[in-house]
Amino acid sequence: MVYVEMIDVKYKTDLKNVDWAEMKTTLQQDKFDNGRSPEQLKTSFKNSFATCIAYIDNRIIGTARVLSDGVCNAYIVDIWTLSSFRHKGIARTMVQTLLSRLKGQHVYLFTDDAVDFYKKLVHIGGNKPPI
Ligand SMILES: CC(C)(COP(=O)(O)OP(=O)(O)OC[C@H]1O[C@@H](n2cnc3c(N)ncnc32)[C@H](O)[C@@H]1OP(=O)(O)O)[C@@H](O)C(=O)NCCC(=O)NCCS
């Protein structure tokens, strides 16, 4: 018998009805809180060029956003998947969703310990490597 895990992840690219306090609490519990208040999280997401938030049963389980000049340079930040849902392709889908909005742009990111994760995503989409 083969057991196949089915999870119903919804990816939203708008910020309607986001519970910023829930995002803050979940990030804190998952030890990926960088000190922003719920209001600051809201401001940073609202001021982004594009965002993607992953949900299961209406609970936030992943975030991704990108800053961009809209023409040639973009910077990906806040890529996070809730620990219990990692290695299921969720961050890949979120990054793919962002990259689809960044065609032809140079995409930058900064990472300490997720180098191999990003290396696997380098070939997605028609984006240019950082210069
Ligand atoms: C890095 C992170 C976002 C990956 O999320 P995820 O949803 O588990 O990633 P995915 O399942 O979409 O993985 C995509 C690919 O990267 C690989 N990968 C995932 N996490 C990895 C890691 N930490 N190191 C190396 N490769 C990794 C996966 O195996 C997968 O490759 P595959 O398709 O060949 O199997 C997640 O581990 C996380 O939230 N970490 C803490 C926050 C963080 O460090 N964010 C990055 C800040 S720059």
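The residues of the shell around the ligand divide into seven nonpolar, four polar and five charged. Of the 16 residues around the ligand, Thr81, Arg86, Ala91, Arg92 and Asp116 come nearest. A residue is near the molecule here if its C-beta atom, placed from the backbone, lies within 6 Å of it.

Before I go on, a note on the model. This is a predicted model: local features need pLDDT of at least 70, side-chain atom pairs count only at pLDDT 80 or more, and totals for chains, interfaces and linings use all residues. Residues are numbered from 1 along each chain as its sequence is written.

Which elements supply at least two residues each to that shell? They are strand E4 (73–81), helix H3 (90–99) and helix H4 (115–121). Helices (H or I, at least four residues) and strands (E, at least two) are DSSP runs, numbered from the N terminus.

Now the fold. The protein chain has four helices and five strands, and from the N terminus on they run β-α-α-β-β-β-α-β-α. The C-alpha trace spans about 45 × 40 × 30 Å along its principal axes.

The five strands form an open sheet in the order E1-E2-E3-E4-E5, with mixed pairing. Two strands pair if DSSP finds at least two bridges between them. Strand E1 (10–12) and strand E5 (106–108) stand at the edges with a single partner strand each, so one side of each is left without a neighbour in the sheet. The twist averages 20° from one strand to the next. Angles run from 0 to 180 degrees between N-to-C directions, and axes are lines fitted to C-alpha atoms, for helices over the stretch in contact.

Going through the antiparallel pairs, E1 and E2 are joined by three bridges, and Tyr11 stands opposite Ala54 in E2. E2 and E3 are joined by seven bridges; there, Tyr55 has Ile60 in E3 as its bridge partner. E3 and E4 pair over six bridges, and Thr63 stands opposite Trp80 in E4.

Burial next. A residue is buried if 20 or more other C-beta atoms lie within 10 Å of its own, exposed if 12 or fewer, and partly exposed in between, with C-beta atoms placed from the backbone. Buried residues make up 24% of the 131 residues. Eight of the ten residues of E3 are buried, so E3 is largely enclosed by the rest of the structure.

H3 lies across E1, E2, E3, E4 and E5, running at about 35° to E3. Its residues Ile90, Ala91, Met94, Val95, Leu98 and Leu99 are buried. An α-helix has 3.6 residues a turn, so residues three or four places apart point the same way. The buried residues of H3 pack against E1, E2, E3, E4, E5 and H4, a contact being two C-beta atoms, placed from the backbone, within 7 Å.

Last, the loops. Is Asp57 buried or exposed? Asp57 is exposed, with 9 other C-beta atoms within 10 Å. The hairpin of E2 and E3 has two residues between the strands, and Asp57 takes a positive phi near 50° there. His87, in the loop between E4 and H3, has a positive phi near 60° and counts as exposed, with 7 C-beta neighbours inside 10 Å. In the hairpin of E3 and E4, with four residues between the strands, Gly70 takes a positive phi near 85°.

How values were computed: Nonpolar A, V, L, I, M, F, W, Y, C, P; charged D, E, K, R; others polar.
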